[in-house]
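User: I am new to this structure and would like to go through it with you. Could we look at it together?
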Amino acid sequence: MPGKFMERILKAPVAFTFRDMILLPGLSEVEPSEVDVSTRVSKNFVLNIPFVSSPMDTVTEAEMAIALARQGGLGVLHRNCTIEEEVNMARRVKRAESFIIRDVITIRPDQSVGEAIRIMEEHSISGLPVVGDDGRLRGIVTARDVRFADYGLRVADVMTSLDKLVTVHEGISIEEAKRILQKHRIEKLPVVDEQGHLKGLITVKDIMLKDKFPNAARDEEGRLLCAAAVSPFDLERAKKLDKWVDIIVIDVAHFHNRNCFRATKELLKHVSADVIVGNIGTYEAAEDAITELDGIAGFRVGIGSGSICITMELLKAGSPTLFATAQVADAVADYGADLPIIADGGIRNPGDAALALALGASCVMMGNVFAGCKEAPGELVVIGGRYFKRYRGMASPSARARRHAIDRYASKRIAEGVEGLVPYRGDVASVVAEFVEGLKAAMGYAGARNIGELHESARVAMLTEVGVKEAGPHNIYLPSRETPSSA
Ligand code: XMP
């Protein structure tokens with residue numbers, strides 16, 4: 001009779017991972033080009049593509065978040081910075097485009113032309129509504145008005161005053177706004193209420209961007225969707241970000257922890273954004289979160305599979321992303337919880353993404369893939385004529401030196417991540433295009449028209465060790481094949 005410890009071995013589940021599995025082909029009634037890859041990332045937000053970038057300081061700052069949201073995905077801003085820096089990143093994303101800008105930068109009529117120029121330069125904008133102390137619109141001053149003006153003049157002296165200004169009220173449609181902008185050959189349209197208080201600003205530039213990125217992930221005001229990472233223990237950061245972001249992502253390596261649960265319960269009382277919790281890796285963690293944390297809006301799952309993670313190697317603890325996804329998806333289904341799952345870590349190609357989606361994820365989060373993009377923070381590195389970008393784990397020694405995200409990991413002494421270089425991949429738009437095409441092809445093999453159908457009917461199979469080898473090229477000499485890692 002096996003005893004307690006032998007039972008542990010004998011009853012151990014197989015923690016399968018991406019390379020162990022394949023998607024089985026199924027009867028297909030769709031061509032890959034007809035496959036719909038739109039999905040939900042959290043309870044209240046829909047993406048047009050199931051790709052999310054990791055909250056890491058070599059992956060997601062404002063530029064990445066803007067570029068990815070324009071393609072229909074979502075960037076999660078990293079938290080390895082001050083609260084102010086993270087809030088500023090979120091503001092940049094939200095201001096990048098919108099039908100009606102709400103956070104309008106204005107100037108008073110008694111301020112000087114010099115100040116108007118400075119404000120326009122600082123925010124890279126070409127005009128400022130002029131607003132009195134009572135909040136009422138007085139006019140508008142543009143770069144053209146101040147170009148050769150004396151710096152000492154007052155804004156009131158050079159602005160286009162209210163009597164010559166075209167304004168509109170709330171509720172105006174994009175089509176109507178376009179018609180007015182065209183008719184009057186103007187670039188900016190202030191939105192005012194009945195009393196003349198400034199309520200927003202419509203600009204030609206924003207309308208053009210909306211037409212340029214029809215697939216973008218947007219909020220109801222036409223602004224790009226934005227998410228930001230916080231520690232569950234940093235309530236102040238969460239509250240400040242809540243004013244700007246649509247989604248707050250609780251960002252700890254092991255969320256299934258009493259203190260994290262307690263702090264998240266408190267945090268949930270103070271924010272109105274959707275709150276995604278993680279990372280978790282087991283059925284039981286999902287079960288506890290579903291039953292104890294009222295008001296959460298999704299899960300981020302996978303512990304230790306990340307390309308820069310050494311947690312599983314060093315601490316022998318973890319839950320590979322594919323295994324974690326299936327575990328959490330089962331709990332979500334068993335409890336009838338309406339909580340989308342983000343599979344996070346270890347995704348190298350569209351096939352890995354397809355597998356994670358087939359096993360219950362609604363989106364995949366990628367660090368490595370997006371770190372190689374032009375829009376990721378950091379300069380290009382050239383070695384031997386080849387281009388790379390730096391990529392580091394948030395528990396790597398240099399990321400920990402910045403300290404803001406140190407509480408993501410259990411140990412203060414042990415580095416659970418590494419740092420290195422990833423091949424440069426070009427811009428986010430082309431990487432996303434490649435992933436979307438690959439994902440659609442994989443879903444075509446599986447016979448799934450959309451991600452819902454993939455959840456319902458996809459079948460997977462385990463590969464043997466020999467099969468894993470056969471899945472890659474073999475019996476051929478490939479001088480050009482890149483081997484950036486062991487992938
Ligand atoms: P990929 O495979 O896309 O994975 O590079 C990115 C995910 O890895 C997690 N992450 C870490 N995990 N040590 C870890 O154990 C680290 O230093 C580290 N940094 C990031 C995180 O979940 C990310 O989304």
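User: How do the axes of helix 10 and helix 11 cross, and at what angle?
Analyst: In this predicted model, the axis of helix 10, residues 258-270, comes within 12 Å of the axis of helix 11, residues 283-292, and the two cross at roughly 30°. Angles under 35 degrees count as roughly parallel, so helix 10 is roughly parallel to helix 11.
User: And is that crossing left-handed or right-handed?
Analyst: The crossing of helix 10 past helix 11 is right-handed.
User: Turning to the backbone, which residues does a cis peptide bond join?
Analyst: The cis bond joins Gly278 and Asn279, with an omega of about 5°. Asn279 belongs to strand 13, which covers residues 274-280.
User: What about phi at Ser124, positive or negative?
Analyst: Ser124 is not a glycine, yet its phi is positive, at about 50°. This residue sits in the loop that runs between helix 4 (113-123) and strand 6 (127-131).
User: Why point out these two features?
Analyst: They are pointed out because most residues other than glycine have a negative phi, and most peptide bonds are trans.
User: Now the ligand. Which residues come nearest to it?
Analyst: There are 25 residues around the ligand, and those that come nearest are Ser307, Cys309, Thr311, Asp344 and Tyr391.
User: What kinds of residues make up that shell?
Analyst: The shell around the ligand consists of 12 polar, nine nonpolar and four charged residues.
User: Where do polar atoms of the protein lie relative to oxygen atoms of the ligand?
Analyst: In the side chain of Thr311, a polar atom is 2.7 Å from a ligand oxygen. Gly346 places a polar backbone atom 2.8 Å from an oxygen atom of the ligand. For Tyr391, an N or O atom of the side chain lies 2.5 Å from a ligand oxygen.
User: How much of the ligand does the protein bury?
Analyst: The protein buries 96% of the 520 Å² that the ligand exposes when taken alone.

Notes: Residues are numbered from 1 along each chain as its sequence is written. This is a predicted model: local features need pLDDT of at least 70, side-chain atom pairs count only at pLDDT 80 or more; totals for chains, interfaces and linings use all residues. Side-chain values use heavy atoms; hydrogens and water are left out. A residue is near a molecule or strand if one of its heavy atoms lies within 4 Å of it. A polar contact is a pair of N or O atoms within 3.5 Å; within protein, one must be able to donate a hydrogen and the other to accept it, and residues adjacent in sequence count only if both atoms are side-chain atoms. Accessible areas come from the Shrake-Rupley method with a 1.4 Å probe; for residues, only the protein chains shown count as cover. Ala, Val, Leu, Ile, Met, Phe, Trp, Tyr, Cys and Pro count as nonpolar, Asp, Glu, Lys and Arg as charged, and the others, Gly among them, as polar. Axes are lines fitted to C-alpha atoms, for helices over the stretch in contact, and angles run from 0 to 180 degrees between N-to-C directions. Helices (H or I, at least four residues) and strands (E, at least two) are DSSP runs, numbered from the N terminus. Angles under 35 degrees count as roughly parallel, over 145 as roughly antiparallel, 65 to 115 as roughly perpendicular and the rest as oblique. A crossing is left-handed if the near helix is turned anticlockwise from the far one by less than a right angle, and right-handed if clockwise.
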